[in-house]
Amino acid sequence: IRDRNNSFDNEDILFIYNQLRTIENLLGIVIPYPYNINIFSHLYILISRSRKVGVLAIFENGSLTDEEKEDFNKDILLKKVSEEIISNIEEYFGERLPERESYYLYQYLVSSRVQGNINKAGNFSAQVMQATQIYLDEMSERMNAAIKSDSIFLDLANHIKPLFNRLEHDIKVQNNLLEQIKIVYGEIFSKVSEVSEIISKKFNLPEINESENGYITLYFARIIETNQLPIKTIIMCTTGVGTSELLKVKIEKNFPELEIMDVTSSNDLKNLSSPTPVSYTHL
């Protein structure tokens, strides 16, 4: 974001940074990346353009429609915070801004994935709950894994809710991790993209782009990483059990995905019997 001299205005940057901290303090939240960058950019552009061309040149009509007013009153707390921040900008800028600017900021806040929001199922619309369940059901089938948990549902729904708002208001987020996500979790990303197409068609939404699919992919990647069953392992060593015990300590420290079932000498292999598949580490 550059001004007419192709440089940042440090005073504006510091002011907007303080407004972000004010939002977080008022809401008791932490606005994570990239939503904090989106809000910062929006406010910086507002101040920069208003200073250059004037408020009236930007806003021919600052009044809200009846539909926008109804939307603006859906979350009174976010409305009050938006109005306070715009009021601070008016005082800083020295000029009155139209009501529409408070509404625009409100949209950004509603569309942000924030920590600290009440995340009980009752706070989600039927559409968000249905879409969340479709993601879980479809991904469970595609990944051949049962994904059923209240905490997983609530966590994903807390992402889907602002996602729907971003789609509705054409707010796009950047995902700087996208290429890395596609490399590390390419298969999951591909499956998430398939399900997102189903979601878009079913709820008559705009296309869910790759950046958004990348963020959703991380939820399912985390589910797999954190719920992966440990690999049952038996350590055998030709020099005896004593050496195997020493190796066990090092292996447990460096390979937490292994569950050491037993340590033994290779001479005792014929006596081993396991009802479940076991990985044998022969040292």
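Here are a few friendly notes on the confidence of this predicted model and on two of its residues.

1. Ground rules. Residues are numbered from 1 along each chain as its sequence is written, and side-chain values use heavy atoms, with hydrogens and water left out. Because the model is predicted, local features need pLDDT of at least 70 and side-chain atom pairs count only at pLDDT 80 or more, while totals for chains, interfaces and linings use all residues.

2. Overall confidence. The mean pLDDT (the predictor's confidence in each residue, from 0 to 100) is 80 for the chain, and 77% of the residues score at least 70. Helix α10 (residues 186-202) has the highest confidence, at 96, and strand β3 (residues 279-282) the lowest, at a mean of 45. Helices (H or I, at least four residues) and strands (E, at least two) are DSSP runs, numbered from the N terminus.

3. Please read two stretches with care. Residues 1-7 stay under 50 in pLDDT, with 13 contacts beyond four places in sequence; contact means heavy atoms within 4.5 Å. Residues 273-283 are also below 50, and this stretch has 26 contacts beyond near neighbours in sequence.

4. F189. This residue of helix α10 counts as buried because its relative accessibility is 8% (buried is under 20% relative accessible area, exposed over 50%, partly exposed in between; 1.4 Å probe, protein chains only). Beyond four places in sequence, F189 contacts L178, K182, E210, N213, G214 and T217.

5. R166. Helix α8 (residues 150-168) holds R166, which is buried at 1% relative accessibility. Its contacts beyond four places in sequence include Y35, S111 and E212.
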